Amino acid sequence: MLNWRARRPISIMRATLHSFSFALLLLVLVCLSQNTMGKQLAATQSNFQLPKPLATEAFNLAEDMEVGLEIEARSPGASWLRKGSEAAALMISVDGSYNQDLLLWAGDESSLYRVMLGRLSRGKHTVSVAFNAARSAAGAQRAEVKSVHPLLLASARSARGMDEDQLALAHAPVLYARANTIDRFTDIPLMMYYEILHERGADVLVRYTVVFTNEDGGTQTAALMARWGRATDIEWVYEFRVRDQKMIEETYQGVEHETKFFKGSRTGGDHPLLAVASDNNNFSDLACSAVRFAPLPVRAHLERATRESMMDTDAKTYRVMTEELLRENRISDTRVDINTIADPREYLYIEATSEQEGATLAFDVKLKGQSKVFASDLGEPRLRIDRSGYFRTAVRLPKDVTAASVESITARCYASSKPSVGRRCQHLNVIRVLVLDQNYVPRTLPLETQSEASLAPDEMKVYRLAQFAP
């Protein structure tokens, strides 16, 4: 399937037209201009009926507001692991109009899902959540909604009247699903977070990032674990710059990681519409698809932390990441190729910070009573870490090795192949070591206190674990 560009008419036919065609026909109209869409919307709603809701909630707003929605739901018998039974889909509508879809990626487990509805006007509103059979897996044709709670997030004032978090919520992006992921249950957004960065002068930069279950194209799975310490795909989506309480610039991450100026449409107030447009989950402000998602973003403080640490706030992200890899045959007890890894619960995760100057880093793990060491780079120089700042890597350990067996971690500095005046791994500090337990919950291992280090190529530093308490 292809993405379509804005203002281009679209025609989609199905063998059987039923009530769920409403979502499909409505969404493709977003490819038209915003003004045209408003007119087409009313006509579409008069001809098609929304599916019967599983839950509804009416509420009154005393003023125009940004509104989110918290849904507690489950998909009985579904599992992201099983092909053909991955997840049920919910269709969310506001005042009888389609708003977005939600895949119940946590499966049979009752979970809280939070989404952004957008800016709603003063007065009474009704939000409805319905089962979307057309977007659900064939073996996941049931959904149970336990509760629905509107979240009143921010008054819809001008930028001058909002604080930074209100401003961030009012401009959170809405994502069209990548066309070739629809009904394939792959590479879906698990969470969105935003950072507020105070830059030069009085500028404030607000940046949004999405954690996807995986990526179908781009970095190979084993390389993701070695260089990033996860197999999810974490991509920045959209950012805007504010100066003197006025937005002066908007950019997004285009295909091939190109930073581009945002010139696309908006929905629900000031929420930019972006589409996932490549197999490694980069974006377009022109394309669209038949499904859209709007995760409610959470504030992240990553000045002294990794992006991967956001996954630690919800262990289900690790579980669903693993289930997608298993379903795609990317997990094996034996090393097959660069796209194959072990079960993520069989890795030691190392979080560190360093400034790399013409140098790269890799880590070895030594187990008690064993002479063999286990390397994060798998013996391949291209899998070493060459970026500065806070980062995470993962070291594959033998099957059934427990955390108590880990004796020490050795950081090794290597000269990179890039031209450089000096070559150092500066201000090196290992800040955290963790494992995933059998329920995918991150567990931090105690480290002996160590001072900051600066290593030249071929130098190393050993970090020992403190007495382990199971």
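Predicted model: local features only at pLDDT ≥ 70, side-chain atom pairs only at ≥ 80, totals over all residues.
Local features rest on pLDDT of at least 70 and side-chain atom pairs on pLDDT 80 or more, while totals for chains, interfaces and linings use all residues. Residues are numbered from 1 along each chain as its sequence is written, and side-chain values use heavy atoms, with hydrogens and water left out.

In soluble globular proteins, nonpolar side chains tend to be buried together. A nonpolar core is here a set of buried Ala, Val, Leu, Ile, Met, Phe, Trp, Tyr and Cys residues joined through side-chain atoms within 4.5 Å; buried means under 20% relative accessible area, exposed over 50%, and partly exposed in between, with a 1.4 Å probe and protein chains only. The largest such core contains 42 residues, and Leu69, Ile71, Leu90 and Ile92 have the most contacts inside it. Two or more residues each are given to this core by β1 (53-61), β2 (65-74), β3 (89-94), β4 (97-103), β5 (111-120), β6 (123-131) and β7 (144-155). Strand β2 supplies the largest share, five residues. Another core, of 33 residues, lies apart from this one and includes Leu167, Ala170, Tyr252 and Leu274. The element names follow DSSP runs numbered from the N terminus, with helices (H or I) of at least four residues and strands (E) of at least two.

The sheets come next. Strands of a sheet pair through backbone hydrogen bonds, either parallel or antiparallel. Two strands count as paired if DSSP finds at least two bridges between them.

An open sheet of four strands runs in the order β21-β20-β23-β27 with antiparallel pairing. Its edges are β21 (373-375) and β27 (460-464); each has a single partner strand, so one side of each is left without a neighbour in the sheet. From one strand to the next the twist averages 25°, where axes are lines fitted to C-alpha atoms, for helices over the stretch in contact, and angles run from 0 to 180 degrees between N-to-C directions. Within this sheet, the antiparallel strands β20 (residues 359-367) and β23 (residues 406-415) are joined by nine bridges. Phe363 has Ala411 in β23 as its bridge partner.

The sulfur atoms of Cys413 and Cys425 are 2.3 Å apart, and the link is right-handed, with 85° about the S-S bond. Cys413 belongs to β23 and Cys425 to β24 (residues 424-436), so the link ties together parts that are 12 residues apart in sequence. Cys413 counts as buried at 1% relative accessibility, and Cys425 likewise at 0%.

Helix α4 (residues 221-228) is mostly covered, with seven of its eight residues buried. These are Thr221, Ala222, Ala223, Leu224, Met225, Ala226 and Arg227. They pack against α5 (316-327), β19 (347-357) and β22 (389-396). Just after the helix, Gly229 adopts a positive phi of about 70°.

The loop between β10 (204-212) and α4 holds Thr213, which is buried, with a relative accessible area of 0%. Its side chain makes a polar contact of 2.6 Å with that of Glu324; such a contact is a pair of N or O atoms within 3.5 Å, where within protein one must be able to donate a hydrogen and the other to accept it, and residues adjacent in sequence count only if both atoms are side-chain atoms. The side chain of Thr213 also reaches the backbone nitrogen of Asp187 at 3.1 Å.

At 36% relative accessibility, Asp108 counts as partly exposed. Asp108 and Ala73 are 35 residues apart in sequence and 8.9 Å apart in space, C-alpha to C-alpha. Neighbours within four places in sequence aside, Asp108 is in contact (heavy atoms within 4.5 Å) with Arg74, Ser75, Pro76, Gly77 and Ala78.

Methods: Disulfide = S-S within 2.5 Å.
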